[in-house]
Amino acid sequence: MVRFSLMIEKAWNKFYVTRIAPLREKSFPIEGPDVIHYLYFPKKKSKVLVVILQAFHPEGTRYNYVSTLQGINASRLYIKDDFTPNTGSFYLGRNGTYNIEAGVHRLIQQTAEQCHAEKLIFVGSSKGGAAAVNFGISYPGAAMIVAAPMYHMGTYMFETKKFNKALEDAVGAPVTPEKISELDDRTPAKVRSDSFGNTQRAYIHISVNDKTYQKHVLDMMADMERAGIQIILDKDDYEGHENLKYYFPDFLKQSMAKELAQE
């Protein structure tokens, strides 16, 4: 049974992101016609920046975990993935250019400088978890708090019909096995060549009954272990990838508290 407090939290988050967030939303220009939409909540006297990446939502693009992380002692940067209608595009780019990915890195760097961040924490579930690892792996001392991330993005987008357009946007038409394979290895290659591994931590929530566990998370953890990244694993056995939204928020808050306590 879903806790009443979680139901209230989710209801407030929905109200905020659909009614209030559009009034606070900002835009960051990148190469090409796209712009990055984001929310930024600075926290004075904190040297931590939390970057929250967006999961897929059936009702369209929506910021995640706004209410869940409200009040933490850190600046928060929420980045929207609205580059492919209805699904988002994993923050990759157009036609193999990865211009969106590069733009997100610039936005993160600019915001980190603005708030004088000495530590970055990346947060996301599902598609947002994949993005949190893809971006977080590039920063020394970073922590990644994720749930059921897709590690081999090309295959996932190819096998999941609703993401076929996003895959075509990212790698360019026609989509070929070679392009899928190249995208599949993009994040793993970063992890395997990670020179900051012994300074990073990955908090990972997953259900063993979630298909992403066997197809993605096990490979990701193996690569992370070889790179020297400290892994804190929260393994459950509930059914359905979609149900992580009921289990991840508590793990996210607990993991965030542990990470912030070290500052």
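This report describes the fold, the cores and some local backbone features of a predicted model.

## Overall build

The chain contains 9 helices and 8 strands. Its C-alpha atoms fill a box of roughly 45 × 40 × 40 Å along the principal axes. For 263 residues, a compact globule would have a radius of gyration near 18 Å, and the 17 Å of this chain agrees with that.

Of the 263 residues, 54% count as buried. The accessible surface comes to about 12,000 Å², and 52% of it belongs to carbon and sulfur atoms. Among contacts between residues at least 6 apart in sequence, 71% join residues at least 24 apart.

## The sheet

The 8 strands form an open sheet with mixed pairing, in the order E1-E2-E4-E3-E5-E6-E7-E8. Strand E1 (26-29) and strand E8 (230-236) are the edges: each has a single partner strand, so one side of each is left without a neighbour in the sheet. From one strand to the next, the twist averages 20 degrees.

At one end of this order, E1 and strand E2 (residues 35-41) pair in the antiparallel sense over 4 bridges. Phe 28 stands opposite Ile 36 in E2. The hairpin of E1 and E2 has 5 residues between the strands, and there Gly 32 takes a positive phi near 90 degrees. A parallel pair is made by strand E6 (residues 143-147) and strand E7 (residues 201-207), which are joined over 5 bridges. Within this pair, Val 146 has Ile 204 of E7 as its bridge partner.

## Helices across the sheet

Helix H8 (residues 211-227) lies across E7 and E8 and runs at about 160 degrees to E7. Helix H9 (residues 244-261) lies across strand E3 (48-53), strand E5 (119-125), E6, E7 and E8. The angle between H9 and E6 is about 165 degrees.

## Nonpolar cores

The largest nonpolar core has 67 residues, of which Val 50, Ile 79, Phe 122 and Met 256 touch the most other members. Leaving aside residues up to four places away in sequence, Phe 122 touches residues that include Val 51, Leu 53, Ile 108, Phe 135, Tyr 139 and Met 144. A second, separate core has 15 residues, among them Tyr 156, Met 157, Ala 170 and Leu 183.

Helix H5 (residues 164-171) has Ala 166, Leu 167, Asp 169, Ala 170 and Val 171 as its buried residues. Their cover includes helix H4 (153-159) and helix H6 (177-184).

Just after H5, Gly 172 takes a positive phi of about 90 degrees. The peptide bond from Ala 173 to Pro 174 is cis, with omega near -5 degrees. Pro 174 belongs to the loop between H5 and H6.

Asn 86 is a residue other than glycine with a positive phi, near 80 degrees. Asn 86 sits in the loop between strand E4 (75-79) and helix H2 (99-114). The relative accessible area of Asn 86 is 60%, and values over 50% count as exposed, so Asn 86 is exposed.

Ala 148 is not a glycine either, yet has a positive phi of about 45 degrees. Ala 148 is found in the loop between E6 and H4. Ala 148 counts as buried because its relative accessibility is 2%, and the cut-off for buried is under 20%.

Conventions: Residues are numbered from 1 along each chain as its sequence is written. This is a predicted model: local features need pLDDT of at least 70, side-chain atom pairs count only at pLDDT 80 or more; totals for chains, interfaces and linings use all residues. Side-chain values use heavy atoms; hydrogens and water are left out. A nonpolar core is a set of buried Ala, Val, Leu, Ile, Met, Phe, Trp, Tyr and Cys residues joined through side-chain atoms within 4.5 Å. Buried means under 20% relative accessible area, exposed over 50%, partly exposed in between (1.4 Å probe, protein chains only). Contact means heavy atoms within 4.5 Å. Two strands pair if DSSP finds at least two bridges between them. Helices (H or I, at least four residues) and strands (E, at least two) are DSSP runs, numbered from the N terminus. Axes are lines fitted to C-alpha atoms, for helices over the stretch in contact, and angles run from 0 to 180 degrees between N-to-C directions. The radius of gyration is taken over C-alpha atoms; the globule rule is 2.2 Å times the number of residues to the power 0.38. Accessible areas come from the Shrake-Rupley method with a 1.4 Å probe; for residues, only the protein chains shown count as cover.
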